[in-house]
Amino acid sequence: MKSGTIVAAFGRHFEVIDADQQQWRCVTRGKRTNFACGDRVEFQPTSDGEGVIQKSAPRVSLLHRSDAFKEKLLAANVTQVFIVVATEPSFSDELISRCLCAVEDQGLKARIVLNKVDLADRLPQARERLTLFAALGYDVIETVARQEAEALRPYLKDEISILVGQSGMGKSTLTNALIPEANAATREISDALDSGKHTTTSTRLYPLSGGGALIDSPGLQAFGLAHLDQDALAHTFREIAPYLGDCRFRNCRHEKEPGCAIRAAVAAGQVTERRYGHYRLLRDEISRAQRQAQGW
């Protein structure tokens, strides 16, 4: 039996690096797929360079998304998440909120990367849209990945970081800028669709020379949170969490109930209408997913 770390995931196939830095091509037993890039695993070698994963060590964290019927594991044991957006193509602030909910639920560090800031005509609008999150204390780091990504490097040392975001935002280009030997595939965005073409098809971990690691992940078009319950969801909104428990009714849904502390905070400008709208959308989506999962 040997131990190692999963550095790439392709469905039921995984690349594992052992303590001697030897690379192994591994599969799982049966139909198990509940392993993720970043997992520390034990595996049984079966032939030269191949093996079968037996089990994983307890995780520090697990970043994943889910709907009523399935879940997608993004990465295990990460300590920091960079949510990558760009001046073009246009980005979804709702998707940012979804990612932040998943990050907050796991107690991870979250930072937003605004890429392609050299596109000056689009920069003011992108910055304005991100003030929603900067006001909550989330760092917004500006980069031009095609030229360099040094603005990110001070945040990387001794962290297990993952880049997440929509396709076409420049995650793989950032990876190549920070780790030239990575040679992650990149492709021009599709102007016709105003969205990026998927270039990264697997999640891959790259060790960093100064300590830590960086994980590049496929582009996201959706980020379901069906694995969260209603209470957990509310606590992932850092501006809503302080008011929880202050409503007049214990079962308050924070809609039209009298004495709702959350609605009062919205009216007072302590919680923005936009983020409150994100919370309501996700709360209702999770409720529907739970009903679907139970066959209602």
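The dialogue below takes up the terms applied to this predicted model and sets each value against its definition.

Student: What should I know about the numbering and the model before we start?

Tutor: Residues are numbered from 1 along each chain as its sequence is written. The model is predicted, so local features need pLDDT of at least 70, side-chain atom pairs count only at pLDDT 80 or more, totals for chains, interfaces and linings use all residues, and side-chain values use heavy atoms, with hydrogens and water left out.

Student: Why is N77 called buried?

Tutor: Buried means under 20% relative accessible area, exposed means over 50%, and partly exposed is in between, with a 1.4 Å probe and protein chains only. N77 has 7% relative accessibility and therefore counts as buried. This residue lies in the loop between β7 and β8, where helices (H or I, at least four residues) and strands (E, at least two) are DSSP runs numbered from the N terminus.

Student: Is K116 buried or exposed, and how do you know?

Tutor: At 16% relative accessibility, K116 is under the limit and so counts as buried. K116 lies in the loop between β9 and α2 (123-134), and although it is not a glycine, K116 has a positive phi of about 60°.

Student: Why is E88 called partly exposed?

Tutor: The relative accessible area of E88 is 22%, which falls between the limits for buried and exposed, so E88 is partly exposed. E88 lies in the loop between β8 and α1, and its C-alpha is 8.6 Å from that of N115, although the two residues are 27 apart in sequence.

Student: What makes the bond from E88 to P89 a cis peptide bond?

Tutor: The peptide bond from E88 to P89 has omega near 0° and is cis; P89 is found in the loop between β8 and α1.

Student: What makes F35 a buried residue, and which residues is it in contact with?

Tutor: F35 has a relative accessible area of 4%, and because this is under the limit it is buried. F35 sits in the loop between β3 (23-28) and β4 (40-47). Contact means heavy atoms within 4.5 Å, and, leaving aside neighbours within four places in sequence, F35 is in contact with I6, F14, T28, V41, I53, K55, S56, R59 and L73.

Student: How do you know that the buried residues of α3 are on the same side of the helix?

Tutor: In α3 (residues 171-178), the buried residues are K171, S172, L174, T175 and L178. They cover an arc of only 155° around the axis, which puts them on the same side of α3; the arc is that of the directions from the helix axis to the C-beta atoms. An α-helix has 3.6 residues a turn, so residues three or four places apart point the same way. What covers the buried residues of α3 includes β8, β9 (109-115), β11 (160-164), β12 (203-207) and β13 (213-216).

Student: What makes a set of residues a nonpolar core, and how many residues has the largest?

Tutor: A nonpolar core is a set of buried Ala, Val, Leu, Ile, Met, Phe, Trp, Tyr and Cys residues joined through side-chain atoms within 4.5 Å. The largest has 74 residues, and those with the most contacts inside it are I96, L225 and L233. Its largest share, seven residues, comes from α1. Apart from this core lies another, of ten residues, among them A9, F14, C26 and V41.

Student: Why is one space called a cavity and another a pocket?

Tutor: On a 1 Å grid over the protein atoms alone, a cavity is a set of points where a 1.4 Å probe fits but cannot get out, whereas a pocket is an open set with protein on both sides within 12 Å along at least five of seven lines; lining residues have an atom within 4 Å of a point. Grid points are joined across faces, edges and corners, and a volume is the space filled by probe spheres set on the points. A search of the whole structure finds one cavity of 30 Å³ or more, and the largest cavity holds about 40 Å³ of space. The elements giving two or more residues to its lining are β8 (80-86) and α1 (93-105). The second largest pocket holds about 350 Å³, and its 21 lining residues include A9, G11, K72, L73 and T203, which lie nearest its centre.
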